[in-house]
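Notebook open, structure on screen. These are my entries, in the order I looked things up.

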Amino acid sequence: MLVHKSYSAEISERKPYSTAADTIKGIVFDEFDREIKGVKITNTDNASATAVSGADGKFTIDGVVGNSLLFNHPDYNVVKQKVKGDSLSVRLVKTYLKQPDTIDVLYGKISAGNNLGAIATIYTNQITTVPATIFPYALAGRLPGMYATQTSGYRSVNQTDALTGTFVGSIPTSTGLPEPSDNNEFNLTLRGQNGPVTVIDGVQREFSSLEFENIESISVLKDALSTILLGQRSSKGILLITTKKPVAGPPRISFTAQTAIQQPLKLPTPLPAYQYAYLYNEALQNNGSAPVYTDEDFNAYRNGSDPVGHPDVNWFNTLLRKSSPMRKYNLSVDGGSNKARYVVSLGYLNQQGMFKDYKKENYNTNTEFSRYTINTNVDVDLSNKFNVSLQLFGRIQTGNQPGATTGTILSGLYNTPNNAYPIYNKDGSYGGTNDFKTNLFSQLTQSGYKIDNTRDVMVNLDLTYKFDDFVKGLWAKVKGNLSTGESSVTDRSKASSVYEQIITANGDTIYNRYGNPTDQGNNFALVSSSQFWYAQLSTGIDRSFGLNNVSVMLMADQRRATVNFDLPGTYTNIAGKATYNYNDKYYAEAALNYSGYDRYEPGKRFGLFYAAGLGWKLSEENFIKDNASWINLLKLRATYGQTGNANIGYYTYRTSYESGNEYLFGSDNPPITVGGLREKQTLVTVGATWEKARKLNVGIDLNILNNSLQFSADFYRDRYFDLMQQRGTSSSLIGAVFPSENVGINLYTGAELSVTYQNHHNDFNYFITANGSLEQSKVIFADEIQRVNNFNRRTGQAVGRNFGFIATGIIQTEEEAANSPSIEGYTLKPGDLKLADLDNNGVINDYDQTPIGTGKPRLYYGTTLGFSYKGFDFSVLFQGVGNRVINQYFQLDANRQGFTDLLGRWTPSNAQTATLPRLVIGSNLNNTPSFGVIGRTFYQQSGNYFRIKNVDIGYNFPNKLVSRIGITGLRVFVNGLNLYTFSGNDSIDPELNGAVYPIQRVFNTGVNIKL
């Protein structure tokens, strides 16, 4: 702090530059009072007067008092300032959109103009505007090719004990588990492939809960050439995270504090008890059963005269609060000399859940999550040739939830009618019945609690040496990483009995007890333990020979992962990469990787993967330069390669055994039985190899109008083959499950476009950037069973496309029911769905299944626009999805909640406007979509949506004002997430609905202080 103050004093001493009659002197600095080099200064009153700031931020330009100067730098917003006196100092603020000269690639950086691959990137300012817990929240709608679907509005916790007790001690509960990930709120796909590999600062690790302020950039690497160095993990693409690196200079201190409220989106509306009872009677009558509710029951539900015998409890209102808080704090310090630099960042987050806190106990029974992080990076030049970089990352995460668990309570919300039971009986006991042996209120407030703890530590060490004294451009690098993580659960849950109050015929009150009460426990379980080891040795040379520029790299690395108590899984890569360009006009690049994974059979663990690319920068040709000066960049590029994906289980080529059938001895009835072992029911995988993909990417980049308008388009064709799939023709005669084999072939094609326009009018800076992706898939080969009809075949359809029955409407009359085809054994009635008999045999069966949903290409897109002016800044992200279908089914059940959508069911009086078939209790062979796991088109509706995803509004206070209180920068801001959704159904959220934690709308406010 003292050093910084003296530095500020030095700046102040340098501010009063004298102004000669025709000369203006001044200094340009950033939000930390650090001088900015390379700022172009233009005198708007004298177009010929220009200047560029030096390394010390100083400039001299022709002009007089009263002139206006325009300050322009590609990394900062344009500022216009009028010369009012004999001194001039100007502060610049970073732009929202960043357009750097270099971009991050796997294991390095390259010039943006030399890139041949399909890479898209977002930067710090686009990430920090999002008030959320993990960075995948910032990805939707921002990166072409990346499809981010939210699967939960809150983290979920694995509670499975990694160890199982036996008579010989504790043994692993299971083997071959995937590497642990802290992202269980989003499903990320990249060009149709689930789960791109996350690489953080050159190391593969599935971390999503990084502090947003620490992230410099997030990139997606989509083509074969960009990912080939991962070898047998290169097919799914890469999510590349680069954290902020140390910057030389006096200490820079930044502190950000944020507080937010979260509100659930579009919760369903449960039926009041009287409507539920009415519809329940109707469903019983449709089933041919007598109604169970009388007019007296309806009246009691309506007027609330008997809250115990006729309860009407809106469990959503009882258990859920309207909003819940979230807080985030981040402190970062960086600086250092030209020889040694450092950055230290500390983060804290606290997120509370949406359950109400009735404070029935002296401990927390709500859902809550806290996270502490520390990230340090020290970069030291031991000489002008030898650099050492050491990064330390630590994270502590703690979660709390009711002992009954969050998932159980949410499931109860969606399956407990308002009239199921009262919260309390008259004697104060918890209400319940034989059908509902637990009480939701008791589960929330008095079921104890569970605490989950996660600890992670990661260490990166990089050693780089330049051998320019021996061979110009020659270098070598050693990279090492050690990381470990452990998760555990402390279970202090308990359970209470419930009681059903019954009034006997003679007026006595009795209570029937249900449920299994338990005392509060104190149990500990190790959920996961993981260790990762990574080592890389690389060497290369970067040389120029006249107009010829050559770069060659050789690399060998090994990554070893140990999950729980498995044997380590080891990936090995031996790779080489060469690039060439002539006069920054013609480009060529090629790479080979001999990659292996030790869970394949010995002798079949290694394979060769390759990729190559070509590029042509037409804008460097004279016929463009001389005739179209408005074109700043026009480049064609193409890449092709074969990538791999090691999709194999835990040493599945070896025979293994499990507890199995009992041995029978003797002639007694029953005979003597002795437990035994048997070979696992899944047969061993013999001859399996890695999945492969041949990927072609063709792209074009175009910048015009002084680079203010930029276009980038990519077209791809990715053919995945040798996919691990179970043969559809497998026989069950031998009593064993056939293993997955390398038989599948899928094709993915698509197009991606991004457009950015960024400009200014004086010091009004504005921008708009948009991207869209079209993605189509097709099953080329699947070893499916013989199909009678072509429309039954899965081959030729989109990957994962649903099959089911086409519903042509609702049957209206007895005559129509008698003349309509039906499922064998089912008698159609008015109000039932009318299913299409596609093979015209008069029966609805498996041969009438056909592709349902949509076969159109998936469309996803996003647009961000904003501006900054005189300290104010604004940005908004619109995000949407098209050509998407969802299923929404409502029905009554004895143990299931009813929602207002059921009011649209078919009855004779609303036959023409019904939105659902007739009501029945439980499943119906004809109408229920879960029959045979086959859908009905009647329940399908558009899943398209358009969201106001993210809005951010901020104000940077003037430097002359904040400097009076000893700080260099002060920004206050408000932002929001998931603010409004436009979709075809107002009763549900189109992205996520059902008995899961709902997506949250977030309103956030914060302050950032710089010193």
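I started with two helices: α4 (residues 273–286) and α5 (residues 295–303) pack at about 155 degrees, with their axes 8 Å apart. I take helices (H or I, at least four residues) and strands (E, at least two) as DSSP runs, numbered from the N terminus. Axes are lines fitted to C-alpha atoms, for helices over the stretch in contact, and angles run from 0 to 180 degrees between N-to-C directions. Angles over 145 degrees count as roughly antiparallel, so α4 and α5 are roughly antiparallel to each other. On the α4 side the contact (heavy atoms within 4.5 Å) uses A273, Y274, A277, Y278 and N281, and on the α5 side F298, Y301 and R302.

A note on ground rules: this is a predicted model, where local features need pLDDT of at least 70 and side-chain atom pairs count only at pLDDT 80 or more, while totals for chains, interfaces and linings use all residues. Residues are numbered from 1 along each chain as its sequence is written, and side-chain values use heavy atoms, with hydrogens and water left out.

Next I checked salt bridges (a side-chain nitrogen of Lys or Arg within 4 Å of a carboxyl oxygen of Asp or Glu), and the count is 39. D452 and R155 meet in one of them, at 2.8 Å from N to O. D452 sits in strand β25 (residues 448–466) and R155 in the loop between β11 (146–150) and β12 (163–166), so this pair ties together parts 297 residues apart in sequence. Both D452 and R155 are buried; buried means under 20% relative accessible area, exposed over 50%, and partly exposed in between (1.4 Å probe, protein chains only).

I also looked at D104 and K109, whose side chains form a salt bridge at 2.6 Å, N to O. D104 is buried at 10% relative accessible area, whereas K109 is exposed at 54%. I found a network of salt bridges too, linking D182, R205, R395 and D456.

Last, I went over backbone angles. Where is N564? I found N564 in the loop between β30 (548–563) and β31 (569–582). Its phi is near 55 degrees, a positive value in a residue other than glycine, and N564 is buried, with a relative accessible area of 8%. K870 isn't a glycine either, yet has a positive phi of about 50 degrees. K870 lies in the loop between β49 (858–869) and β50 (872–882) and counts as exposed at 53% relative accessibility.

Definitions and conventions. Parallel < 35°, antiparallel > 145°, perpendicular 65-115°, else oblique.
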